[in-house]
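Dear colleague,

Please find below the sequence and the structure that I am handing over to you.

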Amino acid sequence: MTTDDHILLARRHLAAARKLTILTGAGISADSGVPTFRGADGLWRNFRPEDLATPEAFERDPRLVWEWYNWRRELIATKQSNSAHHAVVELEQRWVDRMWLITQNVDGLHRAAGSQRLSEIHGNIWKVRCTGCGVVSENREIPLPPLPTCRLCQALLRPHIVWFGESLWEEEIHRCDEALRDCDVFLVIGTSGVVYPAAGFASVAKEAGAMVIEINLDRTPQSNLVDLSLQGRAKDLVPLLLYPA
Ligand code: BV8
Ligand code: ZN
């Protein structure tokens, strides 16, 4: 089957879907110029995200971890949502309360595009959390001081982001579980399917009877599991799903 046939088939399944759940990863923001985690452009100097995005790294060298996040905040601040983010907003406007978006991305580009019904399961790079009093606040200062402190209690602030080895927030996990078990179509866009628990979401949805569609530049570890694999750039393929079947 050609990609066109796959797109037609995907449109048909979407048109018949009572409930739609979407999972996105760094690939959907790659078309906005935000580096992916495991792509050739990598993320930062010769560090791996797994070395920096951990509570141990922050404990050991908060200044280095904040340097990385300041670099990413500065980079992301210059990026716009792309046609794939906007197509996801259009899907939300059509499905309304029968759609849920789960994103692994912390760049905030889905919210910037207008998505409202979403779980940012790994947090948001524009939010900070106090390591003392736990208060979470939005903060768009660029750059933040090398070791930013809480206005309320002067303790060190950290990114409000889920690091490797940290559990996701209970309420988000519960919301995702509901959205995965209750959808007819599970659309997976731009993720390498490496990081858990998100990497296990396609099998949860499939076991619950959903049709799983994957959009990715390449094949991924979950490509054998999905019902339909559309290979190409998210910014080109996701908008094509908006047309009638
Ligand atoms: C957890 C925030 C329970 C950081 C991120 C040992 C000890 C502890 C835990 C573990 C362990 N072993 C395994 C684990 C579990 C661990 C894990 O999965 N590790 C991996 C590395 C094996 N997971 C966790 O720790 C999670 N918590 O399990 O809690 C627990 C608790 C304690 C102990 C045990 C268990 C928390 C994981 C969250 C980590 N935080 N982000 C930050 O961003 O600063 S994850 C990070 O990776 C990003 O959020 C990113 O989104 C995510 C996944 O990556 P992708 O989005 O898929 O990006 P990637 O670059 O990999 O792929 C891009 C894809 O797009 C590619 O396929 C490419 O082909 C495609 N693409 C590129 N361009 C395009 C495109 N597609 C379409 N169009 C394009 N243009
Ligand atoms: Zn505080």
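A pocket, as the word is used here, is an open set of points on a 1 Å grid over the protein atoms alone, with protein on both sides within 12 Å along at least five of seven lines; a cavity is a set of points where a 1.4 Å probe fits but cannot get out, and lining residues have an atom within 4 Å of a point. Grid points are joined across faces, edges and corners, and a volume is the space filled by probe spheres set on the points.

Please note that this is a predicted model, in which local features need pLDDT of at least 70 and side-chain atom pairs count only at pLDDT 80 or more, while totals for chains, interfaces and linings use all residues. Residues are numbered from 1 along each chain as its sequence is written, chains are lettered from A and ligands numbered from 1 in the order in which they are written, and side-chain values use heavy atoms, with hydrogens and water left out.

Pockets and cavity

The largest pocket has a volume of about 830 Å³. Its lining consists of 42 residues, and those closest to the centre are Ala26, Thr36, Phe37, Arg38 and Ser192. Two or more lining residues come from each of α2, α5 and β8, where helices (H or I, at least four residues) and strands (E, at least two) are DSSP runs numbered from the N terminus. The greatest contribution is that of α2, with three residues. By class, this lining holds 19 nonpolar, 15 polar and eight charged residues; Ala, Val, Leu, Ile, Met, Phe, Trp, Tyr, Cys and Pro count as nonpolar, Asp, Glu, Lys and Arg as charged, and the others, Gly among them, as polar.

The second largest pocket has a volume of about 260 Å³. Of the 15 residues that line it, Ser137, Asn139, Thr149, Arg151 and Leu157 lie nearest its centre. Here β4 and β5 are the elements that give two or more residues, and the lining comprises nine nonpolar, three polar and three charged residues.

The largest cavity has a volume of about 110 Å³. It is lined by 13 residues, with Val34, Pro35, Phe37, Arg72 and Asp107 closest to its centre. The largest share of this lining, four residues, is supplied by α5. Nine of the lining residues are nonpolar, two polar and two charged.

Zinc site

The zinc ion (ligand 2) is held by the SG atoms of Cys130, Cys133, Cys150 and Cys153 at 2.2 to 2.3 Å; donors are N, O and S atoms within 2.8 Å of the metal (3.2 Å for Na, K and Ca). Angles among the four donor atoms run from 95 to 120°, and the site is tetrahedral, a term that requires all angles of four donors to lie between 85 and 135 degrees. The spacing of the donor residues in sequence is C-x2-C-x16-C-x2-C. Cys130 belongs to strand β4 (residues 123-130), whereas Cys153, 23 residues apart from it, lies in the loop between β5 (136-138) and β6 (157-161).

Cys130 counts as buried because its relative accessibility is 4%, and Cys153 is partly exposed at 33%. Buried means under 20% relative accessible area, exposed over 50%, and partly exposed in between (1.4 Å probe, protein chains only).

Single residues

Thr21 is found in strand β1 (residues 20-24) and is buried, with a relative accessible area of 2%. A polar atom of the Thr21 side chain lies 2.7 Å from the backbone oxygen of Ala179.

Pro221, in the loop between β8 (211-216) and β9 (228-231), is exposed at 62% relative accessibility.

Yours sincerely

Key:
Tetrahedral: all angles 85-135°; square planar, octahedral: opposite > 155°, others 65-115°. Polar contact = N/O pair within 3.5 Å; in protein donor to acceptor, adjacent residues only side chain to side chain.
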